[in-house]
Amino acid sequence: MSSLPTPFALRLSTASLGRLPSGAARPAYDRASQRVGIVHLGIGAFHRAHQAAFVDDRMRAGERDWAILGASLRSPETRDALAPQDGLYTLVERDEEGDHARIIGSVSRLLVAPEAPAALLDAMSAPQVRIVSLTVTEKGYCHDPATGDLREDHPDILHDLAMPGLPRSAPGFLVEALARRRAAGIPPFTVLCCDNLPANGRLVRRIASRLAGLRDPGLGHFVENEVAFPCTMVDRIVPATTPADRDTVEARLGVTDAWPVVTEPFRQWVIEDDFPGGRPRLEEAGAELVADAAPYETMKLRLLNGSHSSLAYLGYLAGHETVAEAIAAPGFAAFIRGLMDIEVTPTLDVPAHADLAAYKSALLRRFANPALHHRTWQIAMDGSQKIPQRLLATIRARLADGAPISRLALALAAWMRFVSGVDEQGRAIDVRDPFAGRLRALADAAGPSPAALVPSLLGVREIFDPGLAADPRLVRAVREALSTLYRIGAGRAVAQFVDTQEAGR
């Protein structure tokens with residue numbers, strides 16, 4: 001966070017709500033009467049733009065049992081920004097027609113886990129808490145993205161096994177809180193993962209039950225068989241908040257908000273309806289409660305997230321700061337539409353009643369939203385944790401069908417070029433990734449040689465499973481794509497690819 005209110009600014013808070021302009025949407029319910037029913041791990045921008053807004057809708061409709069206690073597992077920034085504001089913040093929906101702002105009141109308390117692990121565990125163990133939700137990003141689950149298994153050698157997992165009463169990791173907090181509830185005879189909460197992971201509920205069940213079993217086989221059996229882990233699919237584009245966003249909110253509302261959230265008007269939440277302890281009536285806020293979220297999740301991961309990552313790596317290398325700039329560049333929109341139509345769509349089990357053509361057209365419009373300054377660099381973060389489900393799953397399906405992967409290969413090659421740490425102008429890239437040092441060392445050893453770099457990076461088992469990495473069709477396609485990126489650069493590579501495809505029709 002880069003800016004805080006000046007000492008003389010009127011700060012957004014419960015006391016200042018009455019000072020907002022008459023047309024400003026604010027909580028019309030009595031926040032003091034709301035009972036905490038949800039503990040959320042990972043209270044970042046996405047949660048505050050998505051799940052917290054759905055819950056706020058239900059509070060406005062009269063539900064009183066689902067206030068959110070938000071916890072950060074690492075940084076105190078969100079707590080430091082929102083605690084003086086009584087948890088209130090501004091949600092701005094932005095498109096080419098302008099901004100639409102509302103004050104969200106569903107977050108009633110904030111904690112920082114490293115500062116107060118006991119307080120967080122107490123909250124998670126409280127009988128009135130019936131849901132623990134998570135947006136801790138892919139890397140927060142301490143798992144191997146290539147296999148889905150818990151990384152038992154992860155430093156946080158080793159710590160949590162040695163000191164279970166003072167956990168550090170999200171799985172560690174889940175398991176310890178569930179153990180305490182079990183010992184006290186309190187029914188378990190529902191674990192609601194809202195991260196972009198394949199079969200996210202089942203994956204988190206696998207991770208948590210394994211960690212619990214390492215502590216106590218009986219506890220492992222309990223977590224695996226007695227705790228609900230519904231799968232979900234979440235969708236909303238949420239760029240990082242900028243100082244300009246704060247200035248805009250202050251000018252509009254007449255108060256300073258230390259951490260507003262800016263997002264697009266579109267939102268989607270698909271949830272498997274498995275909540276033994278109860279839940280808010282989220283379907284009345286627009287969520288889709290379904291028996292099986294898998295088709296929705298796969299469609300979103302491969303079409304939206306796969307396209308987003310492809311745009312991020314190719315766009316960044318081509319010198320485009322934002323997604324909107326990238327999709328407007330020559331060839332990019334046609335390339336992404338071809339990626340979705342030709343290489344992704346045949347791998348999908350399309351949900352019933354889904355209008356796939358309309359969905360893909362809507363994605364291109366959302367990417368092109370000029371009002372959202374969603375940085376390609378931001379999307380490119382943590383690629384080692386993202387590409388297995390966003391790109392590699394589709395590649396695996398295409399290869400199984402004997403189908404070409406030329407667009408996917410170019411996107412994967414762009415990731416390799418990005419994590420090498422040097423851009424097309426010879427400038428350093430600030431690579432943010434759990435494996436950044438290791439990937440850079442491999443790239444430095446290989447040099448700018450596709451013949452050396454491709455097999456070297458494909459050999460990182462935590463990202464690429466050995467069977468896929470050894471497939472000569474993948475190796476050949478990515479090597480050729482990376483050669484093109486080194487020879488002519490990402491922008492020309494995309495434009496040339498599209499021109500070649502059009503000429504071949």
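Predicted model: local features only at pLDDT ≥ 70, side-chain atom pairs only at ≥ 80, totals over all residues.
Residues are numbered from 1 along each chain as its sequence is written, and side-chain values use heavy atoms, with hydrogens and water left out. Local features need pLDDT of at least 70, side-chain atom pairs count only at pLDDT 80 or more, and totals for chains, interfaces and linings use all residues.

**Helix α13**

Helices (H or I, at least four residues) and strands (E, at least two) are DSSP runs, numbered from the N terminus. Helix α13 covers residues 356–367. Its expected span is 1.5 Å times one less than its number of residues.

Buried means under 20% relative accessible area, exposed over 50%, partly exposed in between (1.4 Å probe, protein chains only). L356, Y359, K360, L363, L364, R366 and F367 are buried in α13. These residues fall within an arc of 165 degrees seen down the axis, so they line one face of the helix. The arc is that of the directions from the helix axis to the C-beta atoms.

Among the elements they pack against are these:

| Element | Residues |
|---|---|
| β8 | 232–235 |
| β10 | 268–272 |
| α10 | 294–317 |
| α12 | 332–344 |

**The sheet and T190**

Five strands form an open, parallel sheet in the order β5-β2-β1-β6-β7. Two strands pair if DSSP finds at least two bridges between them. Strands β6 and β7 pair over four bridges.

T190 sits in strand β7. T190 counts as buried because its relative accessibility is 1%. Beyond neighbours within four places in sequence, its contacts (heavy atoms within 4.5 Å) include V132, D274 and F275.
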